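Work through the exercises below with the structure open. Try each task before you read its solution.

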Amino acid sequence: MSPASTKASTAVDARTSVTSTVSPSSPPPSAPDAPDTPDTPDVPSAPGGADSRISPGGPGFRRMSFALFLAGVATFALLYSTQALLPLISGDLGVSAGDASWTVAAATGGLAVFVLPMSALSERYGRRTVMTASLAVAVTVGLLVPFAPSLGALVALRALQGAALAGVPASATAYLAEEVRPKALVTAIGLFVAGNSVGGMSGRVITGWVAQEWGWRVAVGVIGVLAVACAVAFRLLLPAPKHFRPGSLRPRVLLGTVRDHLANPLLRRLYAIGALFMTVFGGVYTMIGYRLAEAPFSLPQGVVGSIFLVYLVGTVAASASGRLVGRLGRRGALYAAGGTTAAGLLLSLAGSLPLILLGLVLITGGFFTGHAVASSAVGRTATRGRAQASALYQSAYYVGSSVGSTVGALAFHSGGWSGTVGVGLVAVAGVVTITVLGTRAARVERRGLVPA
């Protein structure tokens, strides 16, 4: 996700190619179909060709990080606002757990479908513009959700909300890839992902306690108001982009870029890893409320919502992912994330509430680490069209969430919690397998580069 494939953006990418990790199979940056874009005066001309992008400790980094942190909070708070409330929605609307889970799957599915078109709009009209418009529409729909008269209306509103929110993940990583120095990219994206975790946590905890007193409709209304505040602060705080160059909206250009990304084996592996990690996470957190609300635990709604305080572990894990990659390498960090997630799944099978909570801690830490590592690797691997590269990752990621929510619900209905855990373990095995294949491919590639 980054500058569009224009002559100007190719020049920007060329300046970063020395420090970026680029897959040897990535297509060479070229843009014969893109229109010429004249130079604009807001691109800083650093003396001596010095890198003028933002770095940690530099001017604007904290302001930028906090703005995108708030965007992440609003996005995840809205996207998963009904997840902790599914037992109450089931009771109020008289539907099954599987039917109620569609209020989550519809939102993540809408995001998955629209993230690629939104990335194309961000290439043309700018990252900040698209993120602002997306949040504006999403918070407006969020204020309508509490008044949904039926499950069908609720699912439709949630799908529209997810489609609107697609502009945030479609643009945020591209914004960071353009405005932040490559060595700081994992850290910057980790902070954005940390905002996602805080949003996911606060949305579920707040809705749990509010719903216990006033019902699920008031609870999702409160989240809508919180998201409005975050959206306004985001727009006021986010610095204007200085390295963005508008690209083309022509379908042939977009489809060519997408085709090139899908032809890249490393990107394909990263997309699959993101989808599989999110399958685990979506299934676990969609069904955990049902498990804890039923016997033998029979926890009240407020306490069930507070379980999502475990998301704080994700905040820490995502923020520390850059250091972990520095110590273990990208594939080593993915192995660690997969192993941690699997251990948490197995531990959650215990009949003891403290052990279940510890299992959720491990699942959450492993998931957010894997997500931060994989998503940042996408931004550094793509040499052009990073918006589309990241959009494809986000699409796969949220398809994984929808699959996890629906398949996890079906598995829970047929086999209880062990069924949901089984789905998660299969997904983690897929992550490890793909990472092993990537490790072997890298070794073969290195041997091919060694002179005979």
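This is a predicted model.

**Exercise 1. The loop between α12 and α13**

Task: In which loop is Ser298 found, and is Ser298 buried, partly exposed or exposed?

Solution. 
1. Find Ser298 in the loop between α12 and α13.
2. Read its phi, which is near 50°. That is a positive value in a residue other than glycine.
3. Now take the relative accessible area of Ser298, 47%. Buried needs under 20% and exposed needs over 50%. Ser298 is therefore partly exposed.
4. Stay in this loop, where Pro296 also lies. The peptide bond from Ala295 to Pro296 is cis, with omega near 10°. In general, most peptide bonds are trans.

**Exercise 2. The span of a helix**

Task: What span should helix α11 have at 1.5 Å a residue, and how far apart are its end C-alpha atoms?

Solution. 
1. Helix α11 covers residues 251-262, twelve residues.
2. The expected span uses one less than the number of residues, times 1.5 Å. For α11 this gives 16 Å.
3. The end C-alpha atoms are 16 Å apart, so the two values agree.
4. Look at its buried residues: Val253, Gly256, Thr257, Val258 and His261. The buried residues of α11 pack against α5 (102-125), α12 and α17 (386-415).
5. Buried residues in α7 include Leu151, Leu154, Val155 and Arg158.

**Exercise 3. The nonpolar core**

Task: How many residues does the largest nonpolar core have, and which have the most contacts inside it?

Solution. 
1. The largest nonpolar core has 121 residues.
2. Leu68, Leu176 and Tyr285 have the most contacts inside it.
3. Helix α12 (residues 265-293) gives the largest share of this core, 16 residues.
4. Take Leu68 and leave aside its neighbours within four places in sequence. Its contacts are then Met131, Ala172, Tyr175, Leu176, Phe192, Phe234 and Leu238.
5. Nonpolar side chains tend to be buried together in soluble globular proteins.

**Exercise 4. A nonpolar patch on the surface**

Task: Which helix gives the largest share of the nonpolar patch, and is Leu236 buried or exposed?

Solution. 
1. The patch is formed by Leu143, Val225, Val228, Val232 and Leu236. Together they have about 430 Å² of accessible area.
2. Helix α10 (residues 216-237) gives the largest share, four residues.
3. Leu236 is found in helix α10.
4. Its relative accessible area is 62%. The cut-off for exposed is over 50%, so Leu236 is exposed.

How values were computed:
Residues numbered from 1 in each chain as written. Predicted model: local features only at pLDDT ≥ 70, side-chain atom pairs only at ≥ 80, totals over all residues. Heavy atoms only, no water. Core = buried A, V, L, I, M, F, W, Y, C linked by side-chain atoms within 4.5 Å. Buried < 20%, exposed > 50% of the residue type's maximum accessible area, 1.4 Å probe, protein only. Helix = DSSP H or I, 4+ residues; strand = E, 2+ residues; numbered from the N terminus. Contact = heavy atoms within 4.5 Å. Patch = residues over 30% accessible without salt bridge, like charges linked within 9 Å, V, L, I, M, F, W, Y side chains within 5 Å. Areas by Shrake-Rupley, 256 points an atom, 1.4 Å probe, with all protein chains shown as cover. Salt bridge = Lys/Arg side-chain N within 4 Å of Asp/Glu carboxyl O.
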